[in-house]
Amino acid sequence: MSRAAGWISPVVVHRGRVAGVWEAKNGELAFDLLEDVPADALAAEARRVAALLP
């Protein structure tokens, strides 16, 4: 998904479809979901991605 000024947002993919976007804010992940995503799966991926943040 794109935002103003051509910024490309990282996406949340669920069942092969874009289900939302996310961004890192102050070392935390913030999600803007467009549809329901299983909380346990989202939390597991959030932990994996958060480990890569500075």
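Q: In this predicted model, which strand holds His14?
A: The model is a predicted one. Strand S1 covers residues 11–14. His14 has its place in that strand, S1.

Q: Does His14 count as buried or exposed, and at what relative accessibility?
A: Buried means under 20% relative accessible area. His14 falls under that cut-off, so it counts as buried, at a relative accessibility of 18%.

Q: Which residues is His14 in contact with, leaving aside its neighbours within four places in sequence?
A: One of these contacts is Ala19, and strand S2 spans 17–25. With the neighbours within four places set aside, the contacts of His14 are Ala19, Asp36, Val37 and Pro38.

Q: What is the order of the strands in the open sheet?
A: The sheet is open, has three strands and shows antiparallel pairing. S1 and S3 (28–33) stand at the edges with a single partner strand each, so one side of each has no neighbour in the sheet. Neighbouring strands are turned by 35 degrees against each other on average, direction ignored. The order is S1-S2-S3.

Q: How many bridges join S2 to S3?
A: S2 and S3 run antiparallel. Val21 stands opposite Asp32 in S3, and Ala24 stands opposite Leu29 in S3. The number of bridges joining S2 to S3 is six.

Q: Which residue in the turn of the S2 and S3 hairpin has a positive phi?
A: The hairpin formed by S2 and S3 has two residues between the strands. A positive phi of about 55 degrees belongs to a residue in that turn, Asn26.

Q: What angle does the direction of H1 make with that of S3?
A: Helix H1 covers 39–50. H1 packs on the sheet and touches S1, S2 and S3. Its direction and that of S3 make an angle of about 140 degrees.

Q: How far apart are the end C-alpha atoms of H1?
A: H1 has twelve residues, and at 1.5 Å a residue these should span 16 Å. The separation of the end C-alpha atoms agrees with this, at 16 Å.

Q: Why do the buried residues of H1 lie on the same side, and what arc do they cover?
A: The buried residues of H1 are Leu42, Ala46 and Val49, and what covers them includes S1, S2 and S3. On the other side of H1, Asp40 and Arg47 are exposed.

Q: Which residues does Leu29 contact, leaving aside its neighbours within four places in sequence?
A: Leu29 is a member of the largest nonpolar core. Apart from neighbours within four places, its contacts are Trp22, Glu23, Ala24, Ala46, Val49, Ala50 and Leu53.

Q: How far apart in space are Glu28 and Ala46, C-alpha to C-alpha?
A: Glu28 has its place in strand S3 and is exposed, with a relative accessible area of 56%. Ala46 is one of the buried residues of H1. Glu28 and Ala46 are 18 residues apart in sequence, and their C-alpha to C-alpha distance is 9.1 Å.

How values were computed. Residues are numbered from 1 along each chain as its sequence is written. This is a predicted model: local features need pLDDT of at least 70, side-chain atom pairs count only at pLDDT 80 or more; totals for chains, interfaces and linings use all residues. Side-chain values use heavy atoms; hydrogens and water are left out. A nonpolar core is a set of buried Ala, Val, Leu, Ile, Met, Phe, Trp, Tyr and Cys residues joined through side-chain atoms within 4.5 Å. Buried means under 20% relative accessible area, exposed over 50%, partly exposed in between (1.4 Å probe, protein chains only). Helices (H or I, at least four residues) and strands (E, at least two) are DSSP runs, numbered from the N terminus. Contact means heavy atoms within 4.5 Å. Two strands pair if DSSP finds at least two bridges between them. Axes are lines fitted to C-alpha atoms, for helices over the stretch in contact, and angles run from 0 to 180 degrees between N-to-C directions. The expected span of a helix is 1.5 Å times one less than its number of residues.
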